[in-house]
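Hello,

Here is the structure I promised to hand over. My notes follow below it.

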Amino acid sequence: MDLTTLVSRTFLTLNRITELSVMETRTGREVRSLRPQRRRCLYNDEPVGKDRQVGQLIHVPTQVNRVCISTSNPVLCQSLDKDGSRAVCQPVESRIDCALRLARNSVDVGVFSEEEMMLLSQMQPNDNRVVATIRDVNRQEPYAFEAVAIVPNSHTGGLEGLRGGNYCHPGFDEAEVRWSPRVLKTFERVVARTDRCPDANVAGKTAEELELETLSQFFPRACRPGPWSANTTVDTNLKGRFSSLCSLCGENSGCSGYTLDMGVNVAGVSNTNRHIQALECLRRSGNNSVAYVAWQHVREYFTSRNPQDAEQYSLLCEDGTLSPLTPDVLSALTSPCAFVRQPWSAIVATSSIASTVQASMRSWWPNGANPGGNNWQAILFSGIIGGTNARVIFDDTLPSPANYTSAVRNITSIDATTSCLPARRWCTISAQEHTKCTWVRSAAYTLGIEPTVSCQQRTNTFECLQDIKEERADFIATPANYGYISRQHYQLSALKLVQNTRSDPAAFSRVVALIKDSAQENITRFENLRNKKACFPEYGGIVTCAYDYTNMYYGNNGSLSCLADPETDVAFVEMQNINSQLSSLGLQGSQFRALCRNNTLAVTNGTLGIDQACLLAYVVDSELLARRSDPLLNSLSVLLDNLDQYFGYNAASGTQHINLEMYSAFDGINDLLFKNTAVGLSEPSTETANEPARNYIELFKHLDACTSVAPPSLAKAAHKECKSTSESESSSSSSSSTLVTYCAEKSDSDTEKEPDCDAEKSESDCAQEKSETDCAEKTKSETEWKIKIHIPPRVKCNTKTQTYIESNKADCDTEKTETMKKDCTKKEFTNANTQTEEIALDESAISCTIESETADDKLADFYNAVSQHWDG
């Protein structure tokens with residue numbers, strides 16, 4: 001019979017001897033296997049015994065259950081949308097999103113991995129209930145795994161007695177038993193105290209480097225294969241420095257795995273299994289050796305592969321005692337002692353209906369296995385539980401996540417943990433972003449990623465930049481348009497660039513110069529912009545006018561509004577959403593034509609289909625910023641690599657320890673911590689093959705060169721010399737900006753902390769060594785720019801430029817111009833056309849008239865499209 005049809009409501013209870021057909025009861029073949037007294041009804045072909053009483057009909061719950069299904073599996077949702085299905089698909093971005101929705105009662109049930117259960121026990125200890133565990137039919141153990149230490153029987157001295165001995169480890173890329181970094185390192189932390197280094201100099205070092213320094217002093221010889229760092233440069237460096245920790249792996253192993261001769265294959269034991277190889281490493285290493293492995297493989301090794309050696313070895317317990325590997329011990333499903341015991345993955349339901357959900361699942365999967373076939377019950381089992389070896393074991397006690405895990409494994413509170421490095425402070429700008437950061441923090445801590453993360457909420461990006469500068473926070477991901485401000489005014493640097501999906505144009509910053517249709521006869525090249533009015537969405541300086549929508553020309557939309565002014569001619573704008581912005585202003589793209597970077601007008605009017613070669617800038621849309629003077633930049637950089645590895649798109653959701661998508665929407669909200677278009681992180685290097693990333697670094701090349709913005713190399717601290725750049729070298733980006741860049745203004749406090757140029761330089765023309773004359777004016781052969789600023793209504797006086805304005809009346813309205821020149825001794829303002837200090841209109845569009853004494857200079861060479869300022 002078909003169980004997918006709802007139970008008949010005609011015969012819910014009967015208090016008489018009855019003979020109902022299968023069609024009437026709709027109980028189906030699974031129920032028939034029960035005794036009549038149990039199911040309380042009879043089939044037509046069942047005899048009625050003398051005085052047999054059959055009472056109430058069995059009642060299968062009819063409630064429809066809302067089940068979390070990943071958005072990456074739309075086929076499963078479609079397959080569940082069948083007539084009679086009692087499971088309704090609820091798409092979620094990640095299993096952590098499912099946990100959030102369970103707590104709000106907006107879904108009914110979800111499946112969580114072993115490590116996710118550990119995370120829920122911290123973040124939602126009592127919110128939901130465990131209705132069943134998910135196990136392997138071939139394994140009857142009560143734990144997903146046990147991590148144990150095996151030593152020769154001759155071992156003495158407890159844990160400290162291992163000092164100076166040999167260490168055999170399964171490796172950091174062995175995924176068979178799903179050990180997290182915390183599990184992989186638990187034995188080392190307990191025995192060698194690798195999480196404590198009170199006398200170590202942590203400056204410039206990564207968490208991995210610090211733990212290996214301690215570990216190599218405790219174990220002079222080891223095999224600890226696999227990647228030691230998520231950063232390949234750091235990993236290679238560490239393998240070279242601590243090669244003794246690879247000395248037991250075998251010849252030519254490269255520390256990537258074991259190369260030991262394992263001998264003949266034995267049925268039921270894999271010679272390629274890292275845990276089996278680690279036990280072989282132990283056998284060959286003699287006395288004063290230890291192997292840290294999974295108990296299930298200890299049983300395999302000493303019962304099937306090397307049973308004759310079992311009596312020579314013992315379990316080493318955390319209290320220092322030994323437990324010999326006797327036949328009774330090896331035949332037991334569980335170890336007498338373990339350093340880690342892991343609970344199984346589980347099915348979790350919202351507390352209010354947990355018992356009802358469990359009852360429904362018992363009817364779907366009566367024996368806990370996949371019922372087979374193509375019905376919705378089998379489809380659901382395969383989709384969320386697993387394959388043919390998976391089994392659902394129902395738990396009648398319905399424990400909370402905290403109660404479920406605490407009986408097996410506990411993790412010290414994140415606030416009470418010990419570490420060689422302080423927590424790195426992630427600055428957030430909203431309550432929702434702070435919540436996502438908190439989950440990332442706890443997930444990383446659960447897995448044992450170091451250093452730990454802390455989350456600090458502020459109200460906007462500028463507060464975060466200030467906090468990072470003043471050492472109250474450590475890093476933040478920001479849009480690329482903050483790049484110039486963060487470097488020039490906050491002394492920050494790009495720690496990582498954010499990679500974006502290449503298929504989405506909105507994932508990159510694309511800047512174009514738009515010429516009004518009415519001005520195209522007079523403007524066909526960039527040199528025609530002289531004496532013309534130009535509109536910019538924002539400027540790279542500290543704001544003195546409103547940087548929000550109280551300023552009528554604020555942002556990209558404001559720049560287009562500025563362009564709508566009859567007196568203006570050109571606007572430099574970001575292409576994202578430009579057509580909708582134009583439409584909102586009553587404008588059309590056909591009213592404008594792009595002035596391309598090759599100094600020609602586009603073939604036709606319009607904003608659709610502007611060729612990439614025409615753009616003034618095509619760069620990454622976001623970067624991770626940190627304090628350039630932070631001595632812990634290297635550890636922070638590798639921390640971000642780890643977060644990318646475990647919570648980014650590098651890890652397939654099916655194999656993630658914790659399915660938290662760092663770059664995706666969180667709890668239904670987009671662009672938290674990172675934009676949704678992000679797909680990964682990359683190093684801020686001009687050597688990268690990623691064109692937008694390379695373009696972005698090139699834009700700040702001159703600024704980075706002499707303001708010590710570039711962070712040190714992860715492999716070793718690299719000293720950058722501050723050098724003068726000839727016009728021929730810099731002509732591609734700013735042929736007349738070298739002088740201004742190298743005379744970049746710094747505050748008194750910044751100058752005291754850090755000179756503009758490296759102390760070891762030999763060049764005489766670094767910023768701090770330039771003469772006052774050099775900084776004050778250019779030679780007659782160079783262009784001297786004159787710029788008139790028109791500030792829109794409602795903007796008050798710009799005191800930094802010494803331009804006094806009341807309402808709409810300004811110096812530039814009276815055609816008064818002034819050449820602004822830098823005075824090195826007074827530390828006032830740089831040349832006006834660079835807009836680095838004197839034009840303090842951060843995030844505010846302005847219109848200006850540009851004048852030049854030289855007829856042939858090309859403005860296209862000087863406009864910095866990302867920071868929206870003139871470089872030359």
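Over the ring of which residue does the charged end of lysine 239 sit? It sits over tryptophan 228, 5.1 Å from the ring centre. The rule asks for NZ of Lys or CZ of Arg within 6 Å of the ring centre and within 35 degrees of the ring normal. Arginine 182 has its charged end over the ring of tyrosine 445, 4.5 Å from the centre.

Some ground rules. This is a predicted model, where local features need pLDDT of at least 70, side-chain atom pairs count only at pLDDT 80 or more, and totals for chains, interfaces and linings use all residues. Residues are numbered from 1 along each chain as its sequence is written, and side-chain values use heavy atoms, with hydrogens and water left out.

Now the aromatic pairs. Rings of Phe, Tyr and Trp (its six-membered ring) pair if their centres lie within 6.5 Å; planes under 30 degrees apart are stacked, over 60 edge-to-face, the rest tilted. The count is 17. Tyrosine 649 and tyrosine 663 form a tilted pair, with centres 5.9 Å apart and planes at 45°. Tyrosine 663 and phenylalanine 674 pair edge-to-face, at 5.0 Å and 75°.

Burial next (buried is under 20% relative accessible area, exposed over 50%, partly exposed in between; 1.4 Å probe, protein chains only). Tyrosine 649 is partly exposed at 41%. Tyrosine 663 is buried at 0%. Phenylalanine 674 is buried too, at 4%.

Ring pairs also link a cluster that includes Phe145, Tyr167, Trp179 and Phe339.

Best wishes
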